[in-house]
Amino acid sequence: MKFKAISILAISTVLFICCAQQPKDVRIFISGDSTAQSYDTTKTVMRGWAQMLPDFFDEHITVVNKAKAGRSTKSYLAEGRWKEVVDSLQPNDYVIIQFGHNDASSKPERHASYPDYKRNLITMVKEAQAKKARPILATSIVMRTFKDNGLLDDRLKGYPAITRQLADSLNIPLIDTWLKSRDLIIMMGDEPSKKLYMWIEAGVDSIRPDGSQDDTHLQAPGAAAIAEIVAAEIKKQNLKDIANHVLIP
């Protein structure tokens, strides 16, 4: 009887330890634009980096991609897309917030001035924190524009800088995808880096109606490269509950 009691106690202890060590599942929400959005793989070779992000995490991380093409902080809020994210957030969820491309647009339904952009990001961060979720700010990916053999990205203007400053003042994590993607493109060079973007689609020049090349949106290699940058930064910053689930060295 005494032996049986000890055995039951031992088994209970082992079960308790095993359960206590079981990794908790964590969700990472993505709020952003077309550079992060998921695309139908049967209809286009375009890919968003958040679409590729699950490849860099183990099964305990779920990526919930709520990025939508053409959206800025202004339109994402106005259309209720951010509310949909907030309503879904649970304590300890992460949400990566990445805008800027469309905030810089001249279209009135998209454009957000620098002060408005800052206020919109603050709103998102505060509302996520009110749900006890963990916001991360991310700068926009670089827009691949070469001139005289140098990378010139002046279309994003001051939006990446505002994002950096805000992350610092709010004391929340920052993933500087603009800086990291810029460095990647510079190291690759003009011609080699074309394969990351929608410059060439299925062997045919992907020229827009206005005759310009698409140096903004990504193909699978580019989306995977940005997703790896994001995952690597999460691991480098040792972000709680998710850094240890990154599948890269």
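A: Happy to! Let's begin with a term: rings of Phe, Tyr and Trp (its six-membered ring) count as a pair if their centres lie within 6.5 Å. Keep in mind that this is a predicted model.

Q: Okay, how many aromatic pairs does the structure hold?
A: There are three aromatic pairs in it.

Q: Can you take me through one? What kind of pair do Tyr-114 and Tyr-159 make?
A: Their ring centres are 4.9 Å apart and their planes sit at 75 degrees, so this pair is edge-to-face. The cut-off for that label is an angle over 60 degrees.

Q: Where do those two residues sit along the chain?
A: Tyr-114 is in helix α5 (residues 114–130) and Tyr-159 in helix α6 (residues 159–170), so the pair ties together parts that are 45 residues apart in sequence.

Q: And are they buried or exposed?
A: Tyr-159 counts as buried, at 2% relative accessibility. Tyr-114 is partly exposed, with a relative accessible area of 38%.

Q: Which other ring pairs with Tyr-159?
A: Tyr-117 does, also edge-to-face, with 4.9 Å centre to centre and 90 degrees between the planes. Tyr-117 is in helix α5 and Tyr-159 in helix α6, 42 residues apart, which makes this a link between distant parts of the chain. Tyr-117 counts as buried at 1% relative accessibility. Together, Tyr-114, Tyr-117 and Tyr-159 form one aromatic cluster.

Q: Nice. New topic: what about the strands? What order do they have in the sheet?
A: It's an open sheet of five strands, ordered β3-β1-β4-β5-β8, and the pairing is parallel.

Q: Which strands stand at the edges?
A: β3 and β8 (174–175) do, each with a single partner strand, so one side of each has no neighbour in the sheet.

Q: And what about β4 and β5, how many bridges do they pair over?
A: Five bridges, in the parallel sense. If you'd like a spot to look at, Ile-97 stands opposite Leu-137 in β5.

Q: Let's go inside. Which residues touch the most other members of the largest nonpolar core?
A: Ile-30, Trp-49, Leu-53 and Ile-96, out of the 38 residues in that core. Several elements supply at least two residues each, including β1 (26–31), β3 (61–65), β4 (94–98) and α7 (177–188). The largest share, seven residues, comes from α9.

Q: What is Ile-30 in contact with?
A: Setting aside its neighbours within four places in sequence, its contacts include Trp-49, Leu-53, Val-63, Tyr-76 and Ile-96.

Q: What comes just after α9?
A: Asn-238, which takes a positive phi of about 50 degrees.

Q: Last one: where is Ser-34 found?
A: In the loop between β1 and β2 (46–47). Ser-34 counts as buried at 10% relative accessibility. Beyond its neighbours within four places in sequence, Ser-34 is in contact with Tyr-39, Gly-48, Lys-68, Ala-69, Gly-70 and His-217.

Definitions and conventions. Residues numbered from 1 in each chain as written. Predicted model: local features only at pLDDT ≥ 70, side-chain atom pairs only at ≥ 80, totals over all residues. Heavy atoms only, no water. Core = buried A, V, L, I, M, F, W, Y, C linked by side-chain atoms within 4.5 Å. Buried < 20%, exposed > 50% of the residue type's maximum accessible area, 1.4 Å probe, protein only. Helix = DSSP H or I, 4+ residues; strand = E, 2+ residues; numbered from the N terminus. Contact = heavy atoms within 4.5 Å. Pairing = 2+ DSSP bridges. Phe/Tyr/Trp six-rings, centres within 6.5 Å; stacked < 30°, edge-to-face > 60°.
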